[in-house]
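This briefing covers a helix, a strand residue, aromatic contacts and a pocket. Please consult the sequence and the structure shown below.

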Amino acid sequence: MIEQSLLIIKPNAVVHHHIGHIIAMVEQAGFNLKYINIIRFTPELASVFYEMHKGKSFYDRLVNLMCSAPCVGIIVEKENAIEDLRGLIGDVNPEKRKVGTIRDFFAEGITENAVHASDSKESAEREINIIFPQFGT
Ligand code: CMP
């Protein structure tokens, strides 16, 4: 089934000029880029987007990271996009992360992990609605 997912290139990857390399990896994996824009997280936007992580030990660090510099938001589309994009970015846990994934190349820490991708159909819909409401359902 053709699906859409949301990819966010995080501030640490943006400031280190990895945008082009990450987009090339996504395109080479067969994803179509449906919409792309620079996004700037505020603490308010980050608190909505990462609502489910409130109260966790890394929450403040995560919000600070996301607000520290611009991000790039991309709506990607392809067959099985949600699962395939999660595979392409690699696990959040460095010990479980496969070699050759985006996070393998560009993550600098568990929080500073270069990219975010929606983890389910429900998350993709929710996250696209939050970040790009003009394309939401
Ligand atoms: P992301 O895909 O954006 O989803 C939630 C984020 O929280 C995750 O990437 C990491 O940046 C961060 N995160 C998740 N688990 C941990 C953890 N155990 N320690 C630190 N940061 C984490």
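Contact here means heavy atoms within 4.5 Å. The model is predicted: local features need pLDDT of at least 70, side-chain atom pairs count only at pLDDT 80 or more, and totals for chains, interfaces and linings use all residues. Residues are numbered from 1 along each chain as its sequence is written, and side-chain values use heavy atoms, with hydrogens and water left out.

**Residue G73**

- G73 is in contact with L7, Y35, I36, N37, I39 and F132, leaving aside its neighbours within four places in sequence.
- G73 belongs to strand β3; helices (H or I, at least four residues) and strands (E, at least two) are DSSP runs, numbered from the N terminus.
- The relative accessible area of G73 is 0%, so this residue is buried (under 20% relative accessible area, with exposed over 50% and partly exposed in between; 1.4 Å probe, protein chains only).
- From G73 to L85 the separation is twelve residues in sequence and 14 Å in space, C-alpha to C-alpha.

**Helix α7**

- In helix α7 (residues 121-131), the buried residues are S123, A124, E127, I128 and I131.
- These residues line one face of α7, because they fall within an arc of 125 degrees when seen down the axis; the arc is that of the directions from the helix axis to the C-beta atoms.
- The cover over the buried residues of α7 includes β1 (2-9), β2 (32-39), α3 (43-49), β3 (71-79), α5 (81-89) and β4 (115-117).

**Aromatic rings**

- Rings of Phe, Tyr and Trp (its six-membered ring) pair if their centres lie within 6.5 Å; planes under 30 degrees apart count as stacked, over 60 as edge-to-face and the rest as tilted.
- The count by this rule is five aromatic pairs.
- One of them is the edge-to-face pair F41 and F49, at 5.7 Å centre to centre with 75 degrees between the planes; both F41 and F49 are buried.
- F49 also forms an edge-to-face pair with Y50, at 5.0 Å centre to centre and 90 degrees between the planes.
- One aromatic cluster consists of Y35, F132 and F135.

**Largest pocket**

- A pocket is an open set of points on a 1 Å grid over the protein atoms alone, where a 1.4 Å probe fits, with protein on both sides within 12 Å along at least five of seven lines; lining residues have an atom within 4 Å of a point.
- The largest pocket holds about 580 Å³ of space.
- Its lining comprises 26 residues, of which R86, V92, R103, N113 and H116 are the closest to the centre.
- α7 gives the most to this lining, with three residues.

Conventions
Points joined across faces, edges and corners; volume = space filled by probe spheres on them.
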